Amino acid sequence: MTETLDTARLVAGLREQTGAFTRAVAGRDPDAPVPTCPRWRLRTLVGHVGQEHRWAAELVRKGAQLPVPDPRQADPGAPDAWAGWLREGAEELIRAIEETGPDTGTPTFLGPRPAAFCLRRMLSDTCVHHYDAASATGTPFGVADDLAADVISESLDLLSASAFERVRPAVAELRGRGERIGFRPRSTDGWVITRTPEAVRWVRGPVEADVVVSGAVADLMLVFSRRVPPEDDRVTVTGDRALLDHWLARAVF
């Protein structure tokens with residue numbers, strides 16, 4: 001992993017975002033559509049989040065590859081029990097990390113990684129799915145700037161890993177001839193992505209690029225994760241819009 005939040009902040013962040021996700025969904029209509037995940041109903045989204053936390057916990061505890069679960073087969077129970085079920089899943093993962101140790105080698109889809117890799121991956125996914133839940137239920141969405149920034153960095157770590165192409169072949173189309181895409185937040189260093197012939201490369205720092213997306217870091221996270229379109233009033237795009245569109249269409253998780 002590149003430099004990231006420490007384990008204590010990842011743990012606190014997972015609790016924060018799981019709690020916020022829980023408040024957005026608890027007691028809601030399980031058949032409500034999820035606009036940002038068009039093929040899912042709210043029950044599937046809730047099942048996925050609770051299921052993936054438990055799956056990651058088992059992966060860390062066993063230290064062995066496990067089949068990726070099908071979110072359509074998750075059973076989160078009745079809506080009035082979702083809150084407890086979701087919190088239990090997050091705490092199960094946190095306990096697994098604490099008992100195993102965040103630096104313990106763990107098999108992942110990218111090869112061996114520290115157990116904290118799984119915690120970071122689940123936190124990133126939970127942050128994005130919190131927005132999905134909020135958009136489905138009409139509840140407020142919020143995420144701390146440091147967590148939103150780490151979602152972008154963690155995603156770029158995946159997209160720049162050669163092994164990720166085995167999981168998402170479309171990522172190979174993100175290679176290029178040196179084109180640069182920038183995300184420029186107001187509250188922290190930006191991200192500059194370079195599409196080289198070999199792979200995606202990225203750095204943090206001042207942003208000078210062929211196309212730049214500017215805005216609050218949480219909104220940049222939502223554009224990066226394809227939850228908010230680049231034409232949304234919350235962000236500003238300058239430069240080569242076709243380059244940005246090409247990137248967003250293929251930077252799929």
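Is Tyr131 buried or exposed, and what is its relative accessible area? Let's work up to that with a few points about the aromatic rings.

1. Please keep in mind that this is a predicted model. A search of the whole structure turns up 5 aromatic pairs. In general, such a pair is described by how far apart the ring centres are and by the angle of the planes.

2. Start with Phe109 and Phe164: their ring centres are 6.2 Å apart and their planes meet at 50°, so this pair is tilted. The two residues come from distant parts of the chain, 55 residues apart. Phe109 lies in the loop between β1 (105-108) and β2 (111-114), while Phe164 belongs to helix α6 (residues 164-167).

3. Phe109 has 31% relative accessibility and counts as partly exposed, whereas Phe164, at 3%, counts as buried because buried means under 20%.

4. Now for Tyr131 and Phe141, an edge-to-face pair with 5.3 Å from centre to centre and 90° between the planes. Tyr131 sits in helix α4 (residues 115-137), and Phe141 is in the loop between α4 and α5 (145-159), 10 residues apart.

5. Here is the reply to the opening question: Tyr131 is buried, with a relative accessible area of 13%.

6. Finally, have a look at Trp191. The charged end of Arg204 sits over the ring of Trp191, 4.1 Å from the ring's centre.

Conventions: Residues numbered from 1 in each chain as written. Predicted model: local features only at pLDDT ≥ 70, side-chain atom pairs only at ≥ 80, totals over all residues. Heavy atoms only, no water. Phe/Tyr/Trp six-rings, centres within 6.5 Å; stacked < 30°, edge-to-face > 60°. Helix = DSSP H or I, 4+ residues; strand = E, 2+ residues; numbered from the N terminus. Buried < 20%, exposed > 50% of the residue type's maximum accessible area, 1.4 Å probe, protein only. Lys NZ or Arg CZ within 6 Å of the ring centre and 35° of its normal.
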